[in-house]
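Biologist: I'm new to reading folds. Could you walk me through this one, piece by piece?

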Amino acid sequence: MTDYLSLARQLAPDIIAWRRDFHQHPELGFEEFRTAGIVAEHLQALGVETRTGVGQTGVVGVIEGASPGPTVLLRFDMDALPVPEETDLPFASQHPGVMHACGHDGHTAIGMAVARLLAQTREQWPGRVKLMFQPAEEGLGGAKAMVRDGLLKHPRPDAAFALHLWNQLPLGQLVVQEGPLMSAADHFEISIKGKGGHGAAPEDTIDAVLVGAEVVNALQSIVSRNVPPQDTAVLSVGSFRAGGAFNVIAERANMAGTIRTFDPEVRALILQRMQKVLTGITAAHGAQAIFDLKENEYTPAVINDASMAEIARTAAQKMLPPEQITEIRPLMVSEDMSEVFNRVPGCYVLLGAEPEGGARGPHHNPRFDINEDALPLAAAIMASIAVHFNRRQ
Ligand SMILES: [Zn+2]
Ligand SMILES: [Zn+2]
């Protein structure tokens with residue numbers, strides 16, 4: 001077995017330099033023009049067949065091994081967040097209001113390192129490795145856009161893997177587990193129309209604030225009273241807007257929220273109950289309601305395939321002591337790699353990247369940072385997983 005860990009450690013200065021450059025020049029979802037350009041140039045310089053513009057700003061590279069064999073896909077996301085950076089890093093963001101606050105700068109650099117590791121060892125493994133450099137992971141549907149643009153064709157991957165650096169986990173700890181890892185996410189909006197009027201004459205009005213408040217309350221009974229307690233679900237109303245004056249009864253109330261689930265049946269139950277609750281409460285008051293589920297923003301749950309998790313674990317065991325390979329409770333955040341996993345069996349792993357002295361901010365926080373020592377390890381893990389999958393087929 002090739003010693004990808006030593007090879008990756010030799011690459012560490014390059015990986016760190018790439019990461020810091022991306023960190024300094026963060027780009028939001030579907031605007032990763034500079035980042036994608038650097039990735040594409042790097043792949044081409046390695047002699048890797050490269051496609052750009054896949055899902056707008058996505059890049060796909062295909063590395064051919066020494067002999068025919070399976071195709072394995074590795075995903076690296078590239079987008080930053082609309083978060084103003086508040087770290088004192090010498091390579092802090094130069095773009096006001098935009099920050100790599102989730103570590104995707106690291107992921108892009110890891111992907112470039114994996115490309116180099118696999119290209120330089122291509123005589124030693126069979127099959128193909130497809131590198132997916134994804135735009136717009138942060139809620140904008142970059143994975144779906146790449147799938148729509150033919151990501152999974154020519155060649156179709158037999159397996160898919162992704163890694164996320166996680167600064168809330170100790171450095172070098174790897175989470176590998178089968179089954180649910182991250183929840184599905186839905187975005188809904190509700191708008192209620194009553195009848196506005198004078199605050200002193202409620203009898204002539206239908207108070208949208210009152211109806212809306214009852215709706216919010218009743219929605220909270222769905223998870224607690226309708227979803228079986230063995231199942232996991234969250235329903236949060238994150239925004240409620242109504243009215244504008246202290247002495248006017250509001251005509252409209254608009255709210256928005258998110259639903260998190262793991263099981264499509266639980267999701268269906270919640271959606272059905274939401275409709276019923278909404279119709280019932282508004283009818284009781286003589287108000288009207290529109291329920292708008294943002295179907296095209298739906299992100300399915302990340303469910304790891306058991307045999308793919310086994311492959312990731314076996315590959316990681318060659319470079320990590322057993323106590324560093326762990327499992328966690330599934331996370332209620334979401335991740336659109338599930339769009340790929342719903343079509344190709346796969347496994348998503350988390351690699352601990354806690355900075356020395358502890359994280360100053362979690363993911364998506366203005367003080368977020370990662371431990372760069374995790375970068376070469378991540379590259380070695382991803383390269384090993386790909387080669388291990390292709391060899392054992
Ligand atoms: Zn994120
Ligand atoms: Zn992320």
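Predicted model: local features only at pLDDT ≥ 70, side-chain atom pairs only at ≥ 80, totals over all residues.

Biologist: How many residues of α4 are buried?

Modeller: For α4, 15 of its 17 residues are buried, so the helix is mostly covered.

Biologist: What span should the 17 residues of helix α4 have?

Modeller: Take 1.5 Å a residue, applied to one less than the number of residues. For α4, residues 104–120, that gives 24 Å, and the end C-alpha atoms are 24 Å apart, so the two agree.

Biologist: Now the sheet. In what order do its eight strands come?

Modeller: Read across the open sheet and you get β1-β2-β4-β3-β5-β16-β6-β15, with mixed pairing. At the edges sit β1 (49–54) and β15 (325–326), each pairing on one side only.

Biologist: In which sense do β3 and β5 pair?

Modeller: Strand β3 (residues 71–77) and strand β5 (residues 159–166) are parallel, with four bridges. For one example, Arg 75 has Ala 162 of β5 as its bridge partner. Helix α3 (residues 33–45) also packs on this sheet, touching β1, β2 (58–64) and β4 (128–134), and its direction makes about 165° with that of β1.

Biologist: And the sheet of four strands: what is its order?

Modeller: That open sheet goes β10-β12-β8-β13, and its pairing is antiparallel. Its edge strands are β10 (233–242) and β13 (288–293), each with pairing on one side only. From one strand to the next, the twist averages 20°.

Biologist: How many bridges join β10 and β12?

Modeller: There are nine, in the antiparallel sense, and β12 covers residues 252–261. Look for Arg 241, which stands opposite Asn 254 in β12.

Biologist: Which strands do helices α6 and α7 lie across?

Modeller: Helix α6 (residues 208–225) lies across β8 (184–193), β10 and β12, at about 170° to β10. Helix α7 (residues 264–285) lies across β8, β10, β12 and β13, at about 165° to β13.

Biologist: Last one: how does the chain divide into domains?

Modeller: The domain assignment gives domain 1 as 4–182 + 302–392 and domain 2 as 184–297. Their C-alpha centres lie 38 Å apart. Where the domains touch, four residues come from domain 1 and five residues from domain 2. On the domain 1 side, three are nonpolar, one is polar and none is charged.

Note on methods: Residues numbered from 1 in each chain as written. Chains lettered and ligands numbered in written order. Pairing = 2+ DSSP bridges. Helix = DSSP H or I, 4+ residues; strand = E, 2+ residues; numbered from the N terminus. Axes fitted to C-alpha atoms, helices over the stretch in contact; angles between N-to-C directions. Contact = placed C-beta atoms within 7 Å. Domains from an automatic or database assignment. Nonpolar A, V, L, I, M, F, W, Y, C, P; charged D, E, K, R; others polar. Buried ≥ 20, exposed ≤ 12 C-beta atoms within 10 Å, placed from the backbone.
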